[in-house]
Amino acid sequence: MLKSMTGFGNATVEAGGLSVTAEVKTLNSKFLDIYCRIPRQFSDKEIELRALLTQQLERGKVELSLNLARTNAVRPGVTINRPLVAAYVSDLKETANSMLMSVSDSDVLQLALQQPNAYVTESADPSADSSDWATIQAAVQEALRRCDEFRRQDGAVLESKFQEYIKIISDRLADVEQQDVQRIPAVRERMRNNVKELLESETFDHNRFEQELMYYVEKFDISEEKVRLKNHLSYFLEVLSTEEANGKKLNFISQEIGREINTIGSKANDAAIQRFVVQMKDELEKIKEQTMNVI
C-alpha cells in the first residue's frame, strides 16, 4: 500500500501528574529532514527522538512538537532557606537598633533575602525524570501511529488517482491503435504516389528507392512503441498493488511511459494521434507530480 509523505498526528497522554501533548507534521521532501521543538530539560533526549522518527517515518520534512503541563501541585525548584533568613533578619534588626536607626520590616526582609545562601536549589529527582520521559515516549509513539495512519489514508487516495490516470492513458492508447489502422492506408497511398513519380523519372535509382522505402517504413511504424507503452502501463499498476511501491520506482516507470508516448507522437505524423498523445502527456504529468508525494 502506498504512503503519502503528507501526514499529521497528535496525542495527549497524562500520567504521574504530567500531561504531555505530542504533535507530528510531515511534508514532501526528497530526504528525511527532522526538526524538534522539545522542552529544554529533555534536550538530551533529542537524539533518541530523532532515531524514533527516522525509524518510523522514512522520508519527508518532519516537525515534532512537545508541550508539557503539570496537573498536580508543583514544588518550586528553588526554595527560601528560612532558618538562615530568619537569622539574617534578627541580626539586621539588632544592628539597626544598636545604631538607633528605624528600619521597616519589609526593608529588613529584602536585605536578608539578598544575603549569601538565602536560597536553596533542590536536586532533581531521577525517578521523576524517568517517569516523565516514559510519558513523553508514550505520547510521541501515539502521535506517530496517528500520523502513519494519516499517511496510509492519503496514500490510498493517491493510489486511486494513479489508477484513474493510467486508465485514461490506456483509453487514449486504444484510440491511437484504432486510428493507426486508418493511418497506415493513408501513409501507403502517399508512398505509392511518391513511387509513381520516381518510376516516371529518367534518373530512377533502385538502390535509393529501397533506402527511402525502408526509411519511411521505420519512421512511421509505431507498433513496437504501442506494445512497450502497454507493457509499461501494466507494470505500473502491478507495482502499485505490491509492497514494493514507492515514489522513486513509480516515477522511474512514469519516465519510461513518457518516452514511449513521445516516440509515438514524433513518428505518427497524424493529427488525430497527436491529439491523443497530448491527452496522454497531460495525464502523465499528473502522475509524475503525485509520485513526488509518495514515500
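A residue is called buried when its relative accessible area is under 20%, exposed when that value is over 50%, and partly exposed in between, with a 1.4 Å probe and only the protein chains counted. By this rule Tyr88, at 22% relative accessibility, counts as partly exposed, and Tyr88 is found in helix 2 (residues 82-98). The C-alpha atom of Tyr88 is separated by 9.9 Å from that of Pro116, which stands 28 residues apart from it along the chain.

The structure is a predicted model, in which local features need pLDDT of at least 70 and side-chain atom pairs count only at pLDDT 80 or more, while totals for chains, interfaces and linings use all residues. Residues are numbered from 1 along each chain as its sequence is written, and side-chain values use heavy atoms, with hydrogens and water left out.

The protein has eight helices and six strands, where helices (H or I, at least four residues) and strands (E, at least two) are DSSP runs numbered from the N terminus. Along the sequence these elements follow the pattern β-β-β-α-β-β-α-α-β-α-α-α-α-α, and buried residues make up 33% of the 295 residues.

In helix 1, the residues Leu49, Leu52, Leu53 and Leu57 are buried. They lie on the same side of helix 1, because they cover an arc of only 100 degrees around the axis, the arc being that of the directions from the helix axis to the C-beta atoms. The face turned away from this buried side carries the exposed residues Ile47 and Gln55. Just after helix 1, Glu58 takes a positive phi of about 65 degrees.

The largest nonpolar core has 28 residues, of which Phe162, Leu229, Phe236, Ile257, Ile261 and Met280 touch the most other members; such a core is a set of buried Ala, Val, Leu, Ile, Met, Phe, Trp, Tyr and Cys residues joined through side-chain atoms within 4.5 Å.

Val78 lies in strand 5 (residues 78-80) and is partly exposed, with a relative accessible area of 46%.
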